[in-house]
Amino acid sequence: MTTVIATKECMVSDTLVTYDPSFKGKSKLWLAKGCVWGGAGPSGLLAAFKVWTQGKGKRPEFAKPEGEDEEAPKMEILQLHPTNGIFLWINADLPEEVDEPFYAIGT
């Protein structure tokens, strides 16, 4: 279970990963494009998004398969920009600005 929390000044996360032992003990946060990023969701989706933020690939597209229900797993990303604040990305769609002073994703 993942928890990523951001305020307008910092971001923190847990390090436990239960579905992929290769990530165990590693931070779910990374630096790219002058921002701090944190992700929750399927590791393959997060890896593709992280590569894109680091300028090493094209922007990923995560279209929902037709007929997929709303309870299907999704990728959520928090982006903390040093002057513009917190942004929420869901399945790599356009980011939404978060107006609250803090925000959390995950379980």
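# A first look at this predicted fold

Lysine 33 is an exposed residue, with a relative accessible area of 52%; here exposed means over 50% relative accessible area, buried under 20%, and partly exposed in between, using a 1.4 Å probe and protein chains only. Lysine 33 sits in the loop between S3 and S4. What you see is a predicted model, in which local features need pLDDT of at least 70 and side-chain atom pairs count only at pLDDT 80 or more, while totals for chains, interfaces and linings use all residues. Residues are numbered from 1 along each chain as its sequence is written, and side-chain values use heavy atoms, with hydrogens and water left out.

**The overall plan**

- Read from the N terminus, the elements follow the order β-β-β-β-α-β-β-β-β.
- The protein has 107 residues, and 36% of them count as buried.
- Among contacts in the protein with a separation of 6 or more, 48% are between residues 24 or more positions apart; contact means heavy atoms within 4.5 Å.

**The three-stranded sheet**

- Strands of a sheet pair through backbone hydrogen bonds, either parallel or antiparallel.
- An open sheet is formed here by three strands in the order S2-S1-S8, with antiparallel pairing; two strands pair if DSSP finds at least two bridges between them.
- Its edge strands are S2 (11-13) and S8 (102-106), each of which pairs on one side only.
- On average, neighbouring strands of this sheet are turned by 15° against each other, direction ignored; the axes are lines fitted to C-alpha atoms (for helices, over the stretch in contact), and angles run from 0 to 180 degrees between N-to-C directions.

- S3 and S4 run antiparallel and are joined by four bridges; tryptophan 30 has tryptophan 37 in S4 as its bridge partner.
- The two strands form a hairpin with two residues between them, and lysine 33 in the turn has a positive phi of about 55°.
- Most residues other than glycine have a negative phi.
- S4 also pairs with S5 in the antiparallel sense, over five bridges, and alanine 40 finds its bridge partner in glutamate 76 of S5.
- S4 is mostly covered, since five of its six residues are buried.

**Helix H1 and what follows**

- The buried residues of H1 are Ser43, Leu46, Phe49, Trp52 and Thr53; S3, S4, S5 and S6 are among the elements that cover them.
- Just after H1 comes glycine 55, with a positive phi of about 75°.
- Lysine 58 belongs to the loop between H1 and S5 (76-81), and this lysine is exposed at 76% relative accessible area.
- Between lysine 58 and alanine 48 there are ten residues of separation in sequence and 9.0 Å in space, C-alpha to C-alpha.

**The nonpolar cores**

- In soluble globular proteins, nonpolar side chains tend to be buried together.
- The largest nonpolar core has twelve residues: Trp30, Ala32, Cys35, Trp37, Leu46, Phe49, Trp52, Met75, Ile77, Phe87, Trp89 and Ala92. Such a core is a set of buried Ala, Val, Leu, Ile, Met, Phe, Trp, Tyr and Cys residues joined through side-chain atoms within 4.5 Å.
- At least two residues of this core come from each of S3 (29-32), S4 (35-40), H1 (43-53) and S6 (85-90), and H1 gives the largest share, with three residues.
- Another core of ten residues lies apart from it, and includes Ala6, Ala40, Leu78 and Val98.

**Cysteines and the salt bridge**

- There are zero disulfides in the structure, a disulfide being a pair of cysteine sulfur atoms within 2.5 Å.
- Cysteine 10 is partly exposed at 41% relative accessible area, whereas cysteine 35 is buried at 2% relative accessibility.
- The count of salt bridges is one, where a salt bridge is a side-chain nitrogen of Lys or Arg within 4 Å of a carboxyl oxygen of Asp or Glu.
- That salt bridge brings together the side chains of aspartate 14 and lysine 28 (2.9 Å, N to O). Both residues lie in the loop between S2 and S3, so the pair ties together parts that are 14 residues apart in sequence.
- Lysine 28 counts as buried, at 11% relative accessibility.
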